Amino acid sequence: MDHYEMVENLRAKANVTYEEAKAALEASDWDMLDALVLLESEGKVNQSIPEFTTKEKEETRSSARSEVKGNLSKLGAWIRKMFTLGNSNHFVISRKGSELVAMPITVMALLTVLVWPFSLILLFVGLFLGTRYSFRGPDINTTVNDFMNKAQEKAAVAVEAQVE
């Protein structure tokens, strides 16, 4: 590094004028560290030198914690909402016009997740044995039941074709 670059670096680090940086470097035989110490001892170094550290600042840590807490509370609110919706709406299994089972959607979802192969096989086989499935509740949209009715009708047609 040439002398001009050294003066510019010291000037930027110590926040002093070009002349002060050059004089300090000349007095310290162009040693950057000695020149910085010299300027500090003369009280010329401005105290607004940028601080560099490997430690994380407390405010960064606290803002990250508050962000995580906010996200966890949003997740908790969403889970509570899903449980409320799942418990106020029901999955209904009926056969020959009589209702066999009406369970909250939360229970049906848990059974489907925990014993998914068994529950899916039962639901599928039930279609071909004349079992009807529907959803009932204040938050249920009719298109879901319309789709399920179409699937049940197709299964019934397939069973009739096999019987004949």
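Predicted model: local features only at pLDDT ≥ 70, side-chain atom pairs only at ≥ 80, totals over all residues.
Residues are numbered from 1 along each chain as its sequence is written, and side-chain values use heavy atoms, with hydrogens and water left out.

Reader: Which residues of helix α2 are buried?

Author: Helices are DSSP runs of H or I with at least four residues, strands are DSSP runs of E with at least two, and both are numbered from the N terminus. Buried means under 20% relative accessible area, exposed over 50%, and partly exposed in between, with a 1.4 Å probe and protein chains only. In α2, which spans residues 18-27, the buried residues are A21, A24 and L25.

Reader: How do α1 and α2 cross, and is the crossing left-handed or right-handed?

Author: Axes are lines fitted to C-alpha atoms, for helices over the stretch in contact, and angles run from 0 to 180 degrees between N-to-C directions. The axes of α1 and α2 come within 9 Å and cross at roughly 115 degrees. A crossing is left-handed if the near helix is turned anticlockwise from the far one by less than a right angle, and right-handed if clockwise; that of α1 and α2 is right-handed.

Reader: Which residues of α1 meet α2?

Author: Contact means heavy atoms within 4.5 Å, and what covers the buried residues of α2 includes α1 (3-14) and α3 (32-41). On the α2 side of the contact with α1 are Y18, A21, K22, A24 and L25. The residues they meet in α1 are Y4, M6, V7, E8, L10 and R11.

Reader: In what order do the strands of the open sheet stand, and which of them are at the edges?

Author: Two strands pair if DSSP finds at least two bridges between them, and 6 bridges join β1 (residues 90-95) to β2, which run antiparallel. The open sheet of 3 strands has antiparallel pairing and the order β2-β1-β3. Each edge strand has a single partner, so one side of each is left without a neighbour in the sheet; these edge strands are β2 (98-104) and β3 (131-136).

Reader: Which strands does helix α5 touch where it packs on the sheet?

Author: Helix α5 (residues 105-114) packs on the sheet with its direction at about 85 degrees to that of β2. The strands that α5 touches are β1, β2 and β3.

Reader: What is the phi of K96?

Author: Most residues other than glycine have a negative phi. K96, in the loop between β1 and β2, is not a glycine and yet has a positive phi, and this residue is exposed, with a relative accessible area of 75%. The phi of K96 is about 50 degrees.

Reader: Is N145 buried or exposed?

Author: N145 is found in helix α7 (residues 142-163). Leaving aside neighbours within four places in sequence, N145 is in contact with S134, F135 and I140. At 16% relative accessibility, N145 counts as buried.
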